Amino acid sequence: EWWKLEPRPDAADPADLLVKAFRDEVFVVYFPAGVAAPHASLRLSAAAGGRFAAAWRSPRDGIEQAAGAIEAREGRLALPAPADSNDWILILRKLG
């Protein structure tokens, strides 16, 4: 249901990352090639929290790989770093 996603340009830190979201339940984060983001995070709305299932998707071949779960802390999600300097898409889905 990608058509429900809305741009969230203010959500990402660093701002080089591109983010679309459905409420605070699903996030799609694009990491452009060459963007080093070892401490990337997302800002959530004040009411958001909980755990999110994370998966990396390669835009080059479409292969998706699970990346575990991420716990929101103090209105932020600390994002895992991509495996390499290619472009990647991180998909986050709220659990529960």
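**Close-up views of a predicted model**

View 1. Arg 23 is placed in the loop between β3 and β4, where strands, like helices, are DSSP runs numbered from the N terminus, with at least two residues (E) for a strand and at least four (H or I) for a helix. The structure is a predicted model, in which local features need pLDDT of at least 70 and side-chain atom pairs count only at pLDDT 80 or more, while totals for chains, interfaces and linings use all residues. Residues are numbered from 1 along each chain as its sequence is written, and side-chain values use heavy atoms, with hydrogens and water left out. Although Arg 23 is not a glycine, its phi is positive, at about 50°. Arg 23 counts as exposed because its relative accessibility is 56%; buried means under 20% relative accessible area, exposed over 50%, and partly exposed in between, with a 1.4 Å probe and protein chains only. The turn that holds Arg 23 belongs to a hairpin in which 3 residues lie between β3 and β4.

**View 2. Strand β3 and its two partners.** Strands of a sheet pair through backbone hydrogen bonds, either parallel or antiparallel, and here two strands are said to pair if DSSP finds at least two bridges between them. β3 is antiparallel to β4, with 5 bridges between the two, and Leu 18 stands opposite Tyr 30 in β4. Strand β1 (residues 6-7) also pairs with β3 in the antiparallel sense, over 2 bridges, and Glu 6 has Ala 21 of β3 opposite. In a regular strand the side chains alternate between the two faces of the sheet. Strand β3 (residues 18-22) has Val 19 and Ala 21 on a covered face, whereas Leu 18, Lys 20 and Phe 22 lie on an uncovered one.

**View 3. The open sheet of β2, β5 and β8.** An open sheet is formed by 3 strands in the order β2-β5-β8, with antiparallel pairing. Its edge strands, β2 (12-13) and β8 (76-78), each pair on one side only. Strand β5 (residues 41-43) is joined to β8 by 3 bridges, and the bridge partner of Arg 43 in β8 is Arg 76. In the loop between β2 and β3 lies Pro 14, and the peptide bond that leads from Asp 13 to Pro 14 is cis, with omega near 10°. Glu 74, in the loop between β7 and β8, has a positive phi of about 50° although it is not a glycine. Glu 74 is exposed because its relative accessible area is 83%.

View 4. Strand β6 (residues 51-57) and strand β7 (residues 64-71) are antiparallel and share 6 bridges, and Phe 52 has Ile 70 of β7 as its bridge partner. Between the strands of this hairpin there are 6 residues, and Gly 62 takes a positive phi near 80°. Ser 58 is found in the loop between β6 and β7, and Ser 58 counts as buried because its relative accessibility is 4%. The side chains of Ser 58 and Asp 61 are joined by a polar contact of 3.2 Å, a term for a pair of N or O atoms within 3.5 Å; within protein, one must be able to donate a hydrogen and the other to accept it, and residues adjacent in sequence count only if both atoms are side-chain atoms. Leaving out residues up to four places away in sequence, Ser 58 touches Ile 63 and Trp 88, where contact means heavy atoms within 4.5 Å.

**View 5. Lys 94 in strand β9.** Lys 94 is part of strand β9 (residues 88-94), and Lys 94 counts as partly exposed because its relative accessibility is 37%. Apart from residues up to four places away in sequence, Lys 94 touches Asp 24, Glu 25, Gly 49, Gly 50, Arg 51 and Phe 52. Lys 94 and Trp 3 are 91 residues apart along the chain, and their C-alpha atoms are separated by 18 Å.
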